[in-house]
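Please keep the sequence and the model in view while working through the points below.

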Amino acid sequence: MIKNALTTKDRTERTVPIVPPGRTKRTVPIVSPFALFVALLAVCLAVLTFGSCGEKAEEPVIQDRIVLGFSQLGDESEWRSSSSNDVKRAAEEAGIQLMFENAQQNQFNQIKAIRSFILKGVDVIAFCPIVEEGWDNVLEEAKAAGIPVILVDRNIKAETEGLYCAFIGSDFHGEGVKAGRWMAKRFAGAEGPIKVAEIIGTENSSPTIGRYEGLREVFKNYPKFEIVISVPGDFMRSKGKECMEEILEKAPDIDILYAHNDDTAMGAIEVLEEHGISPESDLVIVSVDAQKSGLEALREGKINCLVECNPYIGDDLMDLVFKIVSGEPYPEMTFVEEKVYTDKDDFSTLPIRP
Ligand code: GYE
């Protein structure tokens, strides 16, 4: 169970008793504490300034929708675009006012965005932490301001507990395990050594750590697999190309390419083809995500196994936001459902990705 959850006291302090009717219109207006404070201050100042002249102070502006500050970590992959689009769609459909900031793959920008959400007095902050460490200070600030924080997609390592109230995303370790198990099955009759090259994602990020460790956990039981090279691809197609060039130079004789996401796999496939190596027959390729390009490559026989990572968590996130704001019980950990798609599947059953 989650260790960093806000205490019940923290949560109830933020409680606003509303029942969202149809999720589009509130019967009771929600007022951000900070907005209310600023509005009241403005009224007091107006009364002090104009009171003696007998003029009426202006009504405070009351925010009648829940305000969610969302810090997206960047734009590095197809998965990320799907995630951003889904959050925007779900917020609109739920009638939640979304303040969306894109950090362009920079932790400092994310911290800046979170600070700006705190200053604006949003009701809830959600963010996809680019790396696991370095969030304690800014999350302490959110906590001091009484603003609940939800981790979306990636996880963090915090030094103190109670810095966020919920997590919603994937089981990255489980994804690594699924990839390893599939490899073990595919190479069940084969003699070792079976040489694996790995293109990892962003260093020190939770998906990279989970997918890296999950695979190695399975391989402990199958010593015939040998990870001969592991290079950082930052989840980007362009870096996937660079990684594949490096792999071909340092370890040309591999049996399996394990890419931590579709974009790096696609970059690698491009390079393999440029070098006259067939992704269909010369090696086995395993990737994570199962977004549009990955699924197309699976259909074309260029990828053999796709471990799904589900970016469509917008609706669950908005549900969580409603529950937290209205003081209802809510799940502290939500893991989304994910499958494995392989070259042996009936392709007509594969999901269609936008
Ligand atoms: O797998 C990758 C993206 O954090 C789960 O980040 C996400 C990962 C996803 O860039 O494509």
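**Briefing on a predicted model**

In β4, the residue standing opposite Phe127 is Leu151. The model in view is predicted. The points below begin with the sheet, continue with the backbone and end with the ligand.

**The sheet**

- Strands of a sheet pair through backbone hydrogen bonds, and the pairing may be parallel or antiparallel.
- In this model, six strands make up an open sheet with parallel pairing, and their order is β2-β1-β3-β4-β5-β11.
- The edges are taken by β2 (97–102) and β11 (333–335); each has a single partner strand, so one side of each lacks a neighbour in the sheet.
- From one strand to the next, the twist averages 15°.
- Within the sheet, β3 (residues 124–127) and β4 (residues 149–153) run parallel and are joined by three bridges.

**Backbone features**

- Most peptide bonds are trans, and most residues other than glycine have a negative phi.
- The peptide bond between Gly192 and Pro193 is cis, with omega at about -5°.
- Pro193 is placed in the loop that connects α6 (172–186) with β6 (194–200).
- Gln105 is not a glycine, yet its phi is positive, at about 60°.
- The loop between β2 and α4 (107–120) contains Gln105.
- Asp234 also is a residue other than glycine with a positive phi, near 55°.
- The location of Asp234 is the loop between β7 (225–232) and α8 (237–250).

- Is Gln105 buried, exposed or partly exposed? Gln105 counts as partly exposed because it has 17 C-beta neighbours inside 10 Å, and a residue needs 20 or more to be buried and 12 or fewer to be exposed.
- Is Asp234 buried or exposed? Asp234 has 24 C-beta neighbours inside 10 Å and therefore counts as buried.

**Surroundings of the ligand**

- The ligand is surrounded by 14 residues, of which the closest are Ser77, Trp79, Pro207, Phe235 and Asn261.
- By residue type, the shell around the ligand consists of five nonpolar, three polar and six charged residues.
- Which domains contribute at least three residues each to the shell? Both domain 1 (13–22 + 62–169 + 311–337) and domain 2 (172–309) do so.

How values were computed. Residues are numbered from 1 along each chain as its sequence is written. This is a predicted model: local features need pLDDT of at least 70, side-chain atom pairs count only at pLDDT 80 or more; totals for chains, interfaces and linings use all residues. Two strands pair if DSSP finds at least two bridges between them. Helices (H or I, at least four residues) and strands (E, at least two) are DSSP runs, numbered from the N terminus. Axes are lines fitted to C-alpha atoms, for helices over the stretch in contact, and angles run from 0 to 180 degrees between N-to-C directions. A residue is near a molecule or strand if its C-beta atom, placed from the backbone, lies within 6 Å of it. Ala, Val, Leu, Ile, Met, Phe, Trp, Tyr, Cys and Pro count as nonpolar, Asp, Glu, Lys and Arg as charged, and the others, Gly among them, as polar. Domain bounds come from an automatic or database domain assignment.
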